[in-house]
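Please set out what can be read from this model, going from confidence and overall composition to individual contacts.

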Amino acid sequence: GITLSASGNPELKWETTVQNNIGIDLQFLNGALNLTADYYIKKTHDMLTIPPALDVAGENAAVWLNTGSMKNNGWEIQLSYNSPKYGDFSWNGSVNISQYKNKLEKLNNRQKFIGGDQRLIPGQPMGVYYGYVCDGIFQNETEVANHATQQGAAPGRLIYRDLDGNGVINDDDRCIIGDPNPDVSLGLNLTFKYRRLTLDMFFAGDFGFDIQNHMKRQLYSMAYSNLSTNRSADILNAWTPTNTGSDIPALSLTDDNNEARFSTYYVEDGSYMKMKYLKLSYSFPEHLLGHAGAFVHAGAGASSARPGRQAHGKRPHPFPAGVLPRARLRGGAAGPDGRGAGARHALRHRLRPRCPHRRRGPAVGQRKSPVGRGLVNVGGALDRIRTCGTLLRRQVLYPLSYEGTIQGPDRRV
């Protein structure tokens with residue numbers, strides 16, 4: 001037979017967003033110091049929700065409706081500085097601080113919230129955590145007797161707060177216990193230059209937000225999942241009558257206290273500040289590279305190749321939009337200096353340039369290349385890159401000039 005899988009809504013439309021911004025740009029010290037500030041208010045109406053339908057309406061009667069509305073407001077400040085040269089040393093840096101607040105103003109007329117442990121609740125930020133408040137661990141039978149009725153309560157078990165005061169721990173004792181939205185975000189870029197050495201670094205951080213540590217269920221409970229999975233070595237310090245200072249509940253093969261329920265026991269501060277990018281590089285003189293066989297020509301201008309080492313988390317995009325940053329030298333395996341075999345051979349033996357018409361490179365988009373010729377490809381952004389003896393020529397389809405960088409053992413340009 002045939003059944004209706006979903007019901008349509010011919011009156012459905014796109015959500016509507018209205019945003020107002022105000023900003024200011026200031027320059028000081030002849031442009032060396034720059035300050036940018038921005039504030040915005042963004043309101044969204046007719047957000048899509050799918051309210052539940054009455055059972056008597058039939059199967060698949062629920063339809064998408066334009067019912068929700070949300071408000072966002074926030075600000076961002078960026079301060080940047082480019083220092084003058086102090087002899088052979090110079091530096092520049094920028095720091096930006098931002099904050100946003102959002103609030104779900106309206107959901108629909110049939111639902112008070114959407115979600116379970118993480119919810120959309122009118123009047124609250126998006127995705128707040130909803131659960132029980134954990135007040136520690138029962139230390140003795142007296143504490144158990146004086147507490148509200150809690151199924152499974154015993155010394156060594158987690159305590160849950162009786163929020164409604166009815167003397168029983170149940171679903172009505174849940175509340176908002178965390179917010180995944182940060183209070184403030186921070187970014188910091190620093191560059192230090194000394195002669196031909198350059199040190200680049202990037203720091204990022206978010207502060208004042210909460211995260212769910214669901215791994216505590218797996219690592220700190222013997223009753224969760226099954227015993228064939230690993231546990232943390234920290235459970236060796238779990239609560240016992242002689243080890244009452246522990247914050248890990250007593251070990252048990254059954255969860256009579258329902259400690260797998262979502263509570264503040266699994267909510268932690270997620271604030272962090274970390275270095276996401278670090279690169280130390282050295283720029284060789286162009287005349288030296290011209291004789292050594294690693295001269296790089298990019299776009300309309302020429303610049304020096306800059307071998308370097310870098311460590312990074314999520315690598316920031318080093319090129320503007322439209323220019324692909326990755327090109328792999330395919331001239332054999334890389335050595336400790338990050339160069340391919342062809343490049344190392346040219347550096348050692350000072351090969352004479354070959355005629356560029358002797359053996360042309362492949363067409364745009366071709367992936368493979370002859371070993372030893374240093375042919376590279378970046379998916380069509382470059383027409384050809386090849387070594388003709390001592391000359392590495394890079395022809396780019398963009399009227400811009402960039403500094404090529406050979407970064408580490410994977411030979412990215």
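## Confidence of the model

The mean pLDDT of the chain, pLDDT being the predictor's confidence in each residue on a scale from 0 to 100, is 75, and 67% of the residues reach 70 or more. Over residues 293-413 the pLDDT is below 50, although this stretch has 239 contacts in the model beyond near neighbours in sequence, a contact meaning heavy atoms within 4.5 Å. Where pLDDT is low, the predicted coordinates should not be read in detail.

This is a predicted model, in which local features need pLDDT of at least 70 and side-chain atom pairs count only at pLDDT 80 or more, while totals for chains, interfaces and linings use all residues. Residues are numbered from 1 along each chain as its sequence is written, and side-chain values use heavy atoms, with hydrogens and water left out.

## Overall composition

The chain contains four helices and 20 strands, these being DSSP runs numbered from the N terminus, with helices (H or I) of at least four residues and strands (E) of at least two. Of its 413 residues, 35% count as buried; here buried means under 20% relative accessible area, exposed means over 50%, and partly exposed lies in between, with a 1.4 Å probe and protein chains only.

The chain exposes about 24,100 Å², of which carbon and sulfur atoms supply 54%; accessible areas come from the Shrake-Rupley method with a 1.4 Å probe, and for residues only the protein chains shown count as cover. Among the contacts in the chain with a separation of 6 or more, 60% are accounted for by residues 24 or more positions apart.

## Salt bridges

Five salt bridges are found in a search of the whole structure, a salt bridge being a side-chain nitrogen of Lys or Arg within 4 Å of a carboxyl oxygen of Asp or Glu. One of them joins the side chains of lysine 13 and aspartate 46, at 3.6 Å from N to O. Because lysine 13 lies in the segment before β1 (16-28) and aspartate 46 in strand β2 (residues 33-49), the pair ties together parts that are 33 residues apart in sequence. Lysine 13 is partly exposed at a relative accessible area of 48%, and aspartate 46 is partly exposed at 21%.

Another links aspartate 135 with arginine 161, whose closest N and O atoms are 2.7 Å apart. This pair connects distant parts of the chain, with aspartate 135 in strand β8 (residues 134-137) and arginine 161 in the loop between β9 (158-160) and β10 (175-178), 26 residues apart. Aspartate 135, at 38% relative accessibility, counts as partly exposed, and arginine 161 is partly exposed at 37%. A further salt bridge is formed by arginine 157 and glutamate 259, with 2.7 Å between the closest N and O atoms. Arginine 157 lies in the loop between α1 (141-146) and β9, and glutamate 259 in the loop between α2 (215-220) and β14 (267-269), so the pair ties together parts that are 102 residues apart in sequence. Arginine 157 is buried at 14% relative accessibility, and glutamate 259 is buried at 10%.

## Buried loop residues

Glycine 156 is found in the loop between α1 and β9 and is buried, with a relative accessible area of 0%. Not counting residues up to four places away in sequence, glycine 156 touches Ile137, Phe138, Trp239, Pro249 and Ala250. Its C-alpha atom is separated by 6.8 Å from that of threonine 240, which is 84 residues away along the chain.

Alanine 32 lies in the loop between β1 and β2 and counts as buried at 15% relative accessibility. Beyond residues up to four places away in sequence, alanine 32 touches Ser80, Tyr81 and Asn82, and its C-alpha is 8.2 Å from that of proline 84, 52 residues apart in sequence.

## An open sheet

Four strands form an open sheet in the order β5-β6-β7-β10, with antiparallel pairing; two strands pair if DSSP finds at least two bridges between them. The edge strands, each pairing on one side only, are β5 (114-115) and β10. Two bridges join β5 to strand β6 (residues 118-120), and isoleucine 114 stands opposite leucine 120 in β6.
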